[in-house]
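I opened my notebook to go through this model.

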Amino acid sequence: RIMNKRYGVVLIGCGHIGQEHIEDIYFRDNIRVVATVDTREEQARLFARRYGADHYGTDYRPFLRLPETDIVIIATYVNTHLSILRDCLEAGKHVLCEKPIAGTLEEGEAFYRLVKGASSQVLVAHILRHNRTYQTAARLIGEGAVGRLSLMRMVQNHHAMDWPRYKRLMADCPPIVDCGVHYIDVMQWFSGSRVVEVSGVGCRLDADSGQDNYGMIQARLANGCIASYEAGWSRNLAAQNLKEFIGDKGRLTITLRDNRITNKEEGDCITLYTSDTGEYRTINVAAKYKDMYAQLSALIGMIEGKASASPSIDEVYSAFVIAMTAKKAIETRTVQFVPALIEGKREKGAS
C-alpha cells in the first residue's frame with residue numbers, strides 16, 4: 001500500500017549493519033533514500049548507486065540541512081554515536097541509532113539526556129523488540145505459558161571469520177556490552193522485572209583482540225528470577241545460539257530458522273514444554289531476524305504520534321548501564337549492584 005507521506009532517509013555508515021538497514025528499506029513506497037554517507041567515499045558512492053540515493057558523501061552535516069531529510073539512521077561505530085546524535089537533534093531530524101548508545105558510562109548518560117530533552121523522535125535499534133518470534137515468546141511468557149519465570153539462559157557466540165571487522169568493533173566495547181544490551185533488555189522485557197545484581201567471568205581468546213573477547217554474566221532480577229548470558233567473538237570459538245526460558249510449569253526455547261535441523265521453511269521455532277503433562281508444543285513463526293523495516297516503521301509510528309518507543313529510552317539506558325556494570329564486575333572480579341534507574345517502575349507482584 002502506498003503511504004501518504006514519503007520519508008527522506010539519510011544513512012550514515014555504509015558498513016555491515018548499514019547495509020542491513022538500507023537493503024530492507026530502500027524499495028519501500030514510503031521511503032526515499034536522500035543520501036548515503038561514509039568516511040570511505042567510494043563506499044558511500046557504491047551504496048548511493050545500488051540503493052538509489054539522491055546524494056552521497058563523506059560528511060553527513062550538509063545533508064542534515066536538506067528539507068527533504070526527515071530521518072537519519074546512525075549505523076556508525078559506537079564512539080561516534082553521541083556526536084552524530086547531537087548534530088541530528090540540533091538540525092531537528094528524527095533518528096534511528098544503532099546500539100550500544102555509547103562506549104562509556106559518561107557518554108551513555110549524555111546520550112540519554114539528549115534524547116529525553118529532544119523534540120525530535122529517537123529510537124535505539126534494539127532489533128529484537130521488532131522481531132515477531134521474540135514478540136511471540138514475550139507474550140506467551142507473560143500469559144503464564146511456563147508458569148513463574150525462574151531462569152533465563154542465553155548464548156550468542158560468533159565464529160569471527162571476518163576478524164578485522166570484529167577487532168574494530170571491540171576497539172569501542174567488548175561483545176558482552178555490544179551484544180549484551182540486546183539480551184539484558186530481553187531479560188527485563190520477558191520477566192517484567194529489572195536486573196539488580198550482576199557478576200561474571202571473561203577471558204581473551206585471541207591474543208590480538210585488544211580486550212576480553214569472551215564473557216559470561218550472571219544476573220539476579222528484583223522478582224527473584226536469575227539469568228545468564230554468554231557472548232564471544234573469536235576465530236577459535238564455535239558459533240552458538242541458545243535462548244531458553246524456564247519457569248515452574250515448563251520451559252520455552254527459541255530456535256532460529258537457520259539453526260533448525262529440519263523444517264527450516266516453517267521459519268523460527270518456539271518449543272513449549274509443559275511439565276505437568278510432559279507434552280511439547282511447537283509454534284512456527286515466519287519472522288525476519290533483523291526486521292529493519294519493521295523497526296523503521298516503529299520510528300515512523302512515533303513520528304506520526306501513533307506509537308511509543310520500543311524499547312523506551314529509559315529501557316535502553318537501563319540495559320546499557322547494566323551491561324557496563326557487568327563489564328566492571330568481570331574486570332574487578334566482584335559482584336556489582338545495579339541502582340534503579342527508571343523511577344516509578346513496579347515489579348510484577350508488587351503491591
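I looked at strand E4 (residues 71-74) and strand E5 (residues 94-98), which pair in the parallel sense over four bridges. Strands here are DSSP runs of at least two residues, helices (H or I) runs of at least four, both numbered from the N terminus. Two strands pair if DSSP finds at least two bridges between them. I checked Val72 and found its bridge partner in E5, Val95.

I noted the ground rules: this is a predicted model, local features need pLDDT of at least 70, side-chain atom pairs count only at pLDDT 80 or more, and totals for chains, interfaces and linings use all residues. Residues are numbered from 1 along each chain as its sequence is written, and side-chain values use heavy atoms, with hydrogens and water left out.

Next, the whole sheet. I read an open sheet of six strands in the order E3-E2-E1-E4-E5-E6, with parallel pairing. Strand E3 (55-57) and strand E6 (122-125) are the edge strands, each pairing on one side only.

Then I turned to the cores. A nonpolar core is a set of buried Ala, Val, Leu, Ile, Met, Phe, Trp, Tyr and Cys residues joined through side-chain atoms within 4.5 Å. Buried means under 20% relative accessible area, exposed over 50%, partly exposed in between (1.4 Å probe, protein chains only). The largest core has 81 residues, and Phe111 and Met187 are among those with the most contacts inside it. Helix H11 (residues 313-332) gives the largest share, eleven residues. I also found a second, separate core of 23 residues, including Val9 and Leu299.
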